[in-house]
Amino acid sequence: MNTLQTIYNKLADKTELAKHEVQLSLLDDIKKSENNLLDGINSVVKERAIIESTKIKMGQEIDKVKFIVDNLEKNLNKFNAQAKDLGITQKPNEIEKAEAMIISVKKDVQNITTKYLK
């Protein structure tokens with residue numbers, strides 16, 4: 001019976017070691033997950049900074065486009081007024097093309113502003 005007890009005691013010791021190994025393995029997995037989580041959060045923060053910078057640049061470019069559109073509209077209005085004074089009723093293709101472009105660009109700017117900058 002003494003031999004049987006010795007065997008049981010040794011098995012119990014090995015079982016305890018296996019439990020500790022499992023616990024250590026779980027701790028390693030938890031630490032790896034924590035590191036992966038921190039890496040993921042850091043990547044998100046970096047990407048957010050890039051997005052914010054891009055939004056600022058996009059806003060600046062949109063302001064430039066709006067300024068150009070305003071100047072083009074002023075010039076078109078002057079041209080149309082002068083053409084009317086001269087009795088010209090047929091607009092040149094360039095004028096019609098520019099007027100259509102203004103309409104298109106204004107829609108694009110509005111869509112971009114609404115979708116990305118607000």
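Lysine 91 is partly exposed, with a relative accessible area of 31%. In this predicted model, lysine 91 forms a salt bridge with glutamate 99, and the closest N and O atoms of the two are 3.1 Å apart. Glutamate 99 is partly exposed as well, at a relative accessible area of 22%.

Glutamate 99 is placed in helix 2. Leaving out residues up to four places away in sequence, glutamate 99 touches Leu76, Asn80 and Lys91. Glutamate 99 can also be compared in position with glutamate 73: the two are 26 residues apart in sequence, and their C-alpha atoms are 7.9 Å apart in space.

## The chain as a whole

The protein chain has two helices and zero strands. Helix 1 covers residues 2-85, and helix 2 covers residues 93-116. Helix 2 has 24 residues and reaches 34 Å from its first C-alpha to its last, which is close to the 34 Å expected at 1.5 Å a residue.

How much of the chain is buried? Of its 118 residues, 8% count as buried. The accessible surface of the chain comes to about 10400 Å², and 60% of this surface belongs to carbon and sulfur atoms. Among the contacts in the chain with a separation of 6 or more, 70% are between residues 24 or more positions apart.

## The other salt bridges

How many salt bridges does the model have? The count comes to three. Besides the pair of glutamate 99 and lysine 91, there is one between lysine 106 and glutamate 73, with the closest N and O atoms 2.6 Å apart. Lysine 106 lies in helix 2 and glutamate 73 in helix 1, so this pair ties together parts that are 33 residues apart in sequence. Lysine 106 is partly exposed, at 42% relative accessibility. Glutamate 73 is also partly exposed, with a relative accessible area of 23%.

Another salt bridge joins lysine 64 and glutamate 61, whose closest N and O atoms are 3.2 Å apart. These two residues are three residues apart in helix 1, so about one helical turn separates them. An α-helix has 3.6 residues a turn, so residues three or four places apart point the same way. Lysine 64 is partly exposed, with a relative accessible area of 48%, and glutamate 61 is partly exposed at 43%.

## The nonpolar core

Which residues make up the largest nonpolar core? There are five: Val69, Leu76, Ile95, Ala98 and Ile102. Helix 1 and helix 2 are the elements that give two or more residues to this core. Helix 2 gives the most, with three residues.

Leucine 76 belongs to this core. Apart from its neighbours within four places in sequence, leucine 76 is in contact with Ile95, Ala98, Glu99 and Ile102. The contact list of leucine 76 therefore includes Ile95, Ala98 and Ile102, which belong to the core, together with Glu99, which is partly exposed.

Ile95, Ala98, Ile102, Val109 and Thr113 are buried in helix 2. Is threonine 113 buried or exposed? Threonine 113 is buried, because its relative accessible area of 14% falls under the 20% limit. Not counting residues up to four places away in sequence, threonine 113 touches Ile62 and Lys118.

Glutamate 96 is found in helix 2 too, but this residue is partly exposed, with a relative accessible area of 40%. Glutamate 96 and leucine 76 are 20 residues apart in sequence, and the distance between their C-alpha atoms is 9.7 Å.

Leu37, Leu38, Ile41 and Val45 make a nonpolar surface patch of about 390 Å². One of them, leucine 38, is found in helix 1.

Conventions:
Residues are numbered from 1 along each chain as its sequence is written. This is a predicted model: local features need pLDDT of at least 70, side-chain atom pairs count only at pLDDT 80 or more; totals for chains, interfaces and linings use all residues. Side-chain values use heavy atoms; hydrogens and water are left out. A salt bridge is a side-chain nitrogen of Lys or Arg within 4 Å of a carboxyl oxygen of Asp or Glu. Helices (H or I, at least four residues) and strands (E, at least two) are DSSP runs, numbered from the N terminus. Buried means under 20% relative accessible area, exposed over 50%, partly exposed in between (1.4 Å probe, protein chains only). The expected span of a helix is 1.5 Å times one less than its number of residues. Patches are made of residues with over 30% relative accessible area and no salt bridge: like charges are joined within 9 Å, nonpolar side chains (Val, Leu, Ile, Met, Phe, Trp, Tyr) within 5 Å. Accessible areas come from the Shrake-Rupley method with a 1.4 Å probe; for residues, only the protein chains shown count as cover. Contact means heavy atoms within 4.5 Å. A nonpolar core is a set of buried Ala, Val, Leu, Ile, Met, Phe, Trp, Tyr and Cys residues joined through side-chain atoms within 4.5 Å.
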